Amino acid sequence: MERLPGFRDFYPEPLPQPDAWSANVRTHIFDTWRAVARRYGFQEYDGPPLESLELFTTKSGAEIVGQLYNFTDKGERPIALRPEMTPTLARMIAASERAYKKPIKWFALPQLFRYERQQKGRLREHFQFNADIFGENDVAADAELIALLIDTLRALGLTSDDFVIRLSSRNAWQDFFSTRCLETSKAYDFYQIIDKMEREDPAKSEALLQALGFSLAEVKHFIESAVPTAELQLILDNLKARGLAEFIRIDYNVIRGLAYYTGVVFEAFDCKGEFRAIAGGGRYNNLVKLLSGGKVDLAGLGFGMGDVVLTELLKARKLLPQFGVKLPAYCLVEDETLRPATLGLIQTLRDAGLGADYPLVATKPDKQFKRAQELNAEHVIRLDRQEDHSVVAKVKNLKTRTEVDLPLAEVAGHILSAKTTTQ
Ligand code: HAM
């Protein structure tokens, strides 16, 4: 049986193939995401992986709707696996925002599903760090989010030589659009042309733009000018005050594909341009209102950072830690009559917070020792019955090669003190 294309297995080290996905890398990334989000005062939330189809067809936009994993369940409900977290979050906020003081600052690490064409950096499932703020119109909130995005990447060891935040605004594009085209219903069509322009054949972009009354040259000129609008300048100043200005570049190529963005938008990319976007986000001031049928009107903004491109980038820059197994204690059972006493000792070690392992069934001594080495055990422990029938533990430190005889009650303390002296 093969796994589905675009889905991943996560293995512990040693990995079965060099390109296998590591469960330890995933934990390392999740731990960093959580730690930095909490440093910024964000609280964790979660929602269901299955939602009613309508939640995504209302406002995410054509591209993501085309990638939905959707089906009818046994209760005849049209449902979909979540392709992104923002609609779920907006639904949760619309239902319960009154219980929370503003601004609301929440984060989540959902697994998301998109039926995409498989390519480098794009799979059919991925984990995405989402951080969002609700109830704040001031651009100080946009700057705070971008700072969190930068610090998350910095915490993983990336520097301004590795990544850049391309900052833009739909307001800037809205102004550009409305000075030349009065059909406001066409604005989203226009945004989608801009969104695809970097990857599209210029002749095709030109034709699409001309149908809306624009020339490619004037659009390109606007992008190349890269003059920050007043709101973008405030964000730049805010980030400069934190010493984070070097990570930002005004780039009007960025407009974002999702339909719900209303203001400042941004994306994080690697500086060499080798990978797809690391993260993307922006303001969506109308989404909660839309999903609540007009009952709750709360400004929102946030970003999503996927684990796929991030892992590829960290691997390429050699910024992933080495994950090896390490075990404080392996207990050998050479005399089966001492197995109950050994189990008692193992329980004591584990209660003390120490990792301890042992052979589950009677095993030849040399195999037991080999297993201890494979598990990178720091100590090997063997119980020994004395002439007076008392039992002592022979504790051998595999690194220093020294062995001590200890009463069973002293083994945990001995191993704990060995840990603190070697740390
Ligand atoms: P998005 O740009 O669709 O935004 O996704 C954000 C990030 O998720 C991308 O930059 C990329 O790293 C990762 N990603 C997206 N699709 C895939 C895929 N098929 N395979 C691997 N990684 C992928 C959103 O999803 C917005 N909901 C983010 C947001 C939160 N905006 C406001 N709050």
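These legends describe close-up views of one predicted model.

Residues are numbered from 1 along each chain as its sequence is written. Local features need pLDDT of at least 70 and side-chain atom pairs pLDDT 80 or more, while totals for chains, interfaces and linings use all residues, and side-chain values rest on heavy atoms, without hydrogens and water.

**View 1. The shell around the ligand.** The ligand is surrounded by 26 residues, each with a heavy atom within 4 Å of it. Glu84, Thr86, Glu116, Asp132 and Tyr261 are the closest. Strands S9 (125-134), S13 (279-283) and S14 (300-306) each give the shell at least two residues. Strands here are DSSP runs (E, at least two residues), numbered from the N terminus.

View 2. A polar contact pairs N or O atoms within 3.5 Å. Tyrosine 261 places a polar side-chain atom 2.7 Å from a ligand nitrogen. Isoleucine 278 has a polar backbone atom 3.0 Å from a ligand oxygen. For alanine 279, a backbone N or O atom lies 3.4 Å from an oxygen atom of the ligand. On its own the ligand has 660 Å² of accessible area, and the protein covers 96% of that (Shrake-Rupley method, 1.4 Å probe).

View 3. Strand S18 (residues 391-397) runs antiparallel to strand S19 (residues 403-407), with five bridges between them. Strands pair if DSSP finds at least two bridges. Lysine 394 has aspartate 405 in S19 as its bridge partner. Five residues lie between the strands, and arginine 401 takes a positive phi near 65°.

Methods. Polar contact = N/O pair within 3.5 Å; in protein donor to acceptor, adjacent residues only side chain to side chain. Helix = DSSP H or I, 4+ residues; strand = E, 2+ residues; numbered from the N terminus.
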